[in-house]
Amino acid sequence: MFMKNQLVALLLCALLSHESRCQQAFHHSLFISEIFADPSPAVALPPYEFVEWYNSGNDSIDLFKWKLTDGSTTGIISTHYKLGPKSYVILCSNSALGSYSALAPTVALSSFPSLNNEGDTLTILSPTNQTVFSVAYTDDWYLNDFKKAGGWSLELIDLLRPCSGSVNWKASTFAIGGTPGKPNSVKGQNETKTAIRINNARAINGRTVMVDFNQTIDSAAFLTIPITIQGYSGSILKRELVPPLFQQARLGINSDLDSVIVYNLTIEKISNCYGEVGTKQEAKCGMALAPKPGVVLINELLFDPPPEGADYIECYHAGTNAVNLKELVISQRSESGIFSNSYPLTERSFFLYPGERIVFSEKPEWVRSHYPMQDSLHLFKIAQLPSLPDDKGWVALRYQASILIDEFRYHKDMHYGLLNNPEGVALERISIKSPTDKAFNWTSAAASVGFGTPGLVNSASTTDSSRTESGMMKLSPEYISPNNDGRNDRLSIQFSLNRPNWQVTIKLYDITGRFIRKVVEQYTLGLESEIFYNGTDEHNLPLNSGHYVLLAELLNTDGETKRVKRMLTVVN
């Protein structure tokens with residue numbers, strides 16, 4: 001049955017697609033295994049760019065007329081060089097041939113593509129111009145700020161999974177900066193597997209839908225898998241994956257989509273370049289309309305990060321139709337109202353749909369590691385954000401650099417009044433229904449969520465009106481047993497408040513009123529917060545069995561105070 005299905009897929013591939021646009025589950029043995037894009041400052045390698053190819057197969061390959069391209073420049077191998085099984089070869093420019101051939105087998109290309117330091121897409125083409133392998137690297141793949149500054153190569157980790165993308169590459173660890181023509185210094189088995197996901201879907205016109213995936217997809221299998229657009233009565237006439245990366249699909253449909261409807265796209269049984277089949281994927285899909293003012297809102301802002309961090313800005317879609325973020329720019333605005341330092345949010349089309357959030361930062365990896373993010377698909381690396389001073393600033397979103405969509409004049413005094421140090425603390429919007437430019441609509445992200453909620457519901461959001469004062473503090477479980485046996489070892493203290501800007505100090509007393517310890521002091525709360533207590537005294541020793549009293553003293557910036565008592569039972 002497997003062979004029959006593969007045969008059907010191959011026949012469909014031949015009938016319905018161009019040769020260069022059809023790629024089955026990864027089967028070719030030739031791929032890129034090392035990239036040296038930035039030779040300066042030199043470590044010990046020759047001061048020339050190179051790309052390394054590896055033949056993982058059992059047969060030799062004559063490289064005559066094979067090509068390497070970055071989309072703008074295509075280098076052609078003009079000599080008959082046979083690359084043996086399980087062997088490497090260095091590809092470089094004619095001027096670098098002498099330097100690299102002294103290290104390992106080397107072939108010069110007639111026009112070696114210039115490798116961009118920040119990132120590039122490199123593709124191997126067969127003599128018949130069929131896409132054999134492609135990789136889109138970025139300087140984030142080094143996973144090392146020092147090495148990405150120059151002199152070190154990027155190396156493939158697992159040679160059995162060459163099209164795995166960023167999770168399978170990192171900076172060389174070899175002392176001279178790389179391993180041209182030799183086994184990679186980082187070579188090993190890479191068990192990291194990324195679930196197949198739809199990054200974005202969008203209708204670029206009434207009859208064409210583009211779908212972005214997070215990894216390379218098997219284009220032969222893609223021709224037969226179930227694809228539906230819920231709410232659409234027409235049919236899909238054509239489907240193809242777009243070379244060279246095969247991470248984007250183009251769907252052709254037989255009747256126009258309604259421009260004001262947001263549809264739901266469902267794709268089942270998607271398989272990647274290794275034939276691994278993912279779960280059913282769903283994504284919003286529709287046509288983008290020009291946004292009106294207030295449709296895309298500035299929702300969260302980090303303007304005072306720690307020295308190793310970076311600013312970020314979160315936007316929220318408060319409208320009813322898709323917006324193409326490629327059409328939006330973020331700008332700095334002066335006190336006189338002049339716009340400057342304007343930068344596009346994205347260089348490529350990406351549709352934001354109603355109710356979605358998106359985060360932009362120059363260091364998305366730092367944001368992801370520092371704050372509790374659930375969905376990294378909506379965290380974008382932006383080449384540059386406008387200057388966001390630590391004391392105050394003015395930032396604006398504009399459509400096509402002309403129509404003002406939203407703007408925010410922030411000041412450090414908007415932070416929670418009892419906050420000791422605002423460094424690394426984001427300002428959060430409280431309500432999407434209140435104006436952006438009102439100071440009362442902003443406050444500090446709560447300590448209980450790590451002082452920032454990029455991509456998540458704001459800790460200060462007032463969208464939930466069900467909070468009541470009577471249930472503002474709850475304890476769970478009913479008793480604790482702090483003996484480290486894995487059962488009821490710690491207490492969860494849960495706060496549910498009807499307004500932000502509260503700090504809490506929690507004190508513990510025994511049943512006679514004797515003070516035991518402070519659980520937390522001046523802890524900033526969100527509307528929903530949770531504090532954990534491990535059942536120990538001030539000397540970090542487990543409490544004795546008995547009854548205790550927790551006293552929570554709450555204070556807000558208006559000077560309002562609350563005191564809440566709860567009984568705690570300890571069983572040891």
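Student: Which ring does Lys147 lie over, and at what distance from the ring centre?
Tutor: This is a predicted model, with pLDDT of at least 70 needed for local features and 80 or more for side-chain atom pairs, while totals for chains, interfaces and linings use all residues. Residues are numbered from 1 along each chain as its sequence is written, and side-chain values use heavy atoms, leaving out hydrogens and water. A charge counts as over a ring when Lys NZ or Arg CZ is within 6 Å of the ring centre and within 35 degrees of the ring normal. Lys147 lies over the face of Trp152, at 4.3 Å.

Student: And which ring does Arg409 cover?
Tutor: Arg409 sits 4.0 Å from the ring centre. The face it lies over belongs to Trp394.

Student: Why is the Phe50 and Tyr100 pair classed as it is?
Tutor: Phe, Tyr and Trp rings (six-membered ring for Trp) pair with centres within 6.5 Å, and planes under 30 degrees apart are stacked, over 60 edge-to-face, the rest tilted. That rule gives 16 aromatic pairs. Phe50 and Tyr100 have centres 5.1 Å apart and planes at 65°, so they are edge-to-face.

Student: How many residues apart are they?
Tutor: Going by DSSP runs (helices H or I, at least four residues; strands E, at least two; numbered from the N terminus), Phe50 is in strand S2 (residues 50-55) and Tyr100 in helix H2 (residues 97-101). So the pair links distant parts of the chain, with a separation of 50 residues.

Student: What is the angle between the planes of Trp366 and Tyr371?
Tutor: Their centres are 5.8 Å apart. The pair is edge-to-face, at 80°.

Student: Which residues form one aromatic cluster?
Tutor: This one takes in two Tyr residues, Tyr54 and Tyr88.
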